[in-house]
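Subject: Structure for you to look at

Hi,

Here is the structure I promised. Please open it first, then read my notes beside it.

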Amino acid sequence: MNSITPATTEDAEALGSLVNSAYRGDSSRLGWTTEADLLDGTRTDAAAIRDLIQTPGTTILKYVQDEQLQGCIELRNDHGKLYLGMLTVSPYLQNKGLGKRLMKAAEEEAVRQQCAAIYMTVISVRKELIDWYARQGFLPTGDRKPFAFTDPRFGQPKMQLEFVVLEKIL
């Protein structure tokens with residue numbers, strides 16, 4: 001049995017491990033969402049996840065199947081648009097439609113919150129990821145944002161990086 005439900009602070013450790021396994025380090029190379037060639041360090045930690053869960057207007061949805069955490073997505077209401085971040089599927093389970101299920105749940109949440117659009121930032125050199133989001137209906141806005149994280153625990157770029165902004169009008 002599977003479910004997509006809001007995460008609680010009790011899920012923070014497992015969510016942090018899941019996100020890091022999909023984006024950084026050797027385990028991330030098993031999937032196609034790895035950032036291991038772009039950044040050193042971790043993607044997040046349990047404390048940061050707890051902070052997100054406790055932030056008003058922010059929800060982390062978790063995808064659980066057979067009592068195993070397999071995916072998650074961060075959603076934040078940002079003045080009538082829903083920001084989507086941290087879309088994560090276990091690197092062992094990618095390419096099985098779990099990301100699409102989480103995206104559908106995000107769209108349902110956006111409609112529930114009466115948001116006109118969903119937007120996100122993606123590292124500009126992640127062409128395969130940008131293409132995947134385009135197939136889900138997200139288009140580049142033309143906006144770019146600097147990759148400017150000040151906490152070295154959460155990513156030491158191996159090259160100059162920036163974000164592109166993608167948006168899907170609902």
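Two residues are in contact when they have heavy atoms within 4.5 Å of each other. Helices (H or I, at least four residues) and strands (E, at least two) are DSSP runs, numbered from the N terminus. Buried means under 20% relative accessible area, exposed means over 50%, and partly exposed lies in between (1.4 Å probe, protein chains only).

This is a predicted model, in which local features need pLDDT of at least 70, side-chain atom pairs count only at pLDDT 80 or more, and totals for chains, interfaces and linings use all residues. Residues are numbered from 1 along each chain as its sequence is written, and side-chain values use heavy atoms, with hydrogens and water left out.

**Helix α4**

Start with α4, residues 98–112. The expected span is 1.5 Å times one less than the number of residues.

Which residues of α4 are buried? They are L98, G99, L102, M103, A105, A106, E109 and A110. These residues sit on the same side of α4, because they cover an arc of only 160° around the axis. The arc is that of the directions from the helix axis to the C-beta atoms. The face turned away from the buried side carries the exposed residues K104, V111 and R112.

What do the buried residues of α4 pack against? Their partners are the strands β1 (2–6), β3, β4, β5 and β6 (117–123), plus helix α5 (127–135). Just after α4 comes Q114, with a positive phi of about 60°.

**Helix α5**

Now move to α5. Its buried residues are L129, I130, W132 and Y133. They lie on the same side of α5, because their arc around the axis is only 155°. K127 and R135 are the exposed residues on the face turned away from the buried side. The buried residues of α5 pack against β5, α4, β6 and β9 (162–169). Just after α5, G137 has a positive phi of about 100°.

**Where α1 meets α3**

Two packed helices are described by the angle between their axes and the distance between the axes. The axes of α1 (residues 12–23) and α3 (residues 46–54) come within 8 Å and cross at roughly 115°. Axes here are lines fitted to C-alpha atoms, for helices over the stretch in contact, and angles run from 0 to 180 degrees between N-to-C directions. The crossing of α1 and α3 is right-handed. A crossing is right-handed if the near helix is turned clockwise from the far one by less than a right angle, and left-handed if anticlockwise.

From α1, the residues A12, E13, L15 and G16 take part, and they meet A46, I49, R50 and I53 of α3. By class, this contact has 5 nonpolar, 1 polar and 2 charged residues. Ala, Val, Leu, Ile, Met, Phe, Trp, Tyr, Cys and Pro count as nonpolar, Asp, Glu, Lys and Arg as charged, and the others, Gly among them, as polar.

Look at A46 in α3. Its relative accessible area is 10%, so A46 is buried. A46 and G16 are 30 residues apart in sequence, yet their C-alpha atoms are 5.2 Å apart in space. Leaving aside neighbours within four places in sequence, A46 is in contact with A12 and E13.

V89 is in strand β5. It is buried, because its relative accessibility is 11%. Not counting residues up to four places away in sequence, V89 touches A22, Q70, G71, Q94, L98, G99 and L102.

T33 lies in the loop between α2 (25–28) and β2 (39–40). It counts as buried, because its relative accessibility is 12%. With residues up to four places away in sequence left out, T33 touches A22, Y23, Q94 and R126.

**Two loop residues with positive phi**

Most residues other than glycine have a negative phi. D66 is not a glycine, but its phi is positive, about 50°. D66 is in the loop between β3 (58–65) and β4 (68–78). Is D66 buried or exposed? At 51% relative accessibility, D66 counts as exposed.

H79 also is not a glycine and has a positive phi, about 55°. H79 is in the loop between β4 and β5 (81–89). Its relative accessible area is 80%, so H79 is exposed.

Best wishes
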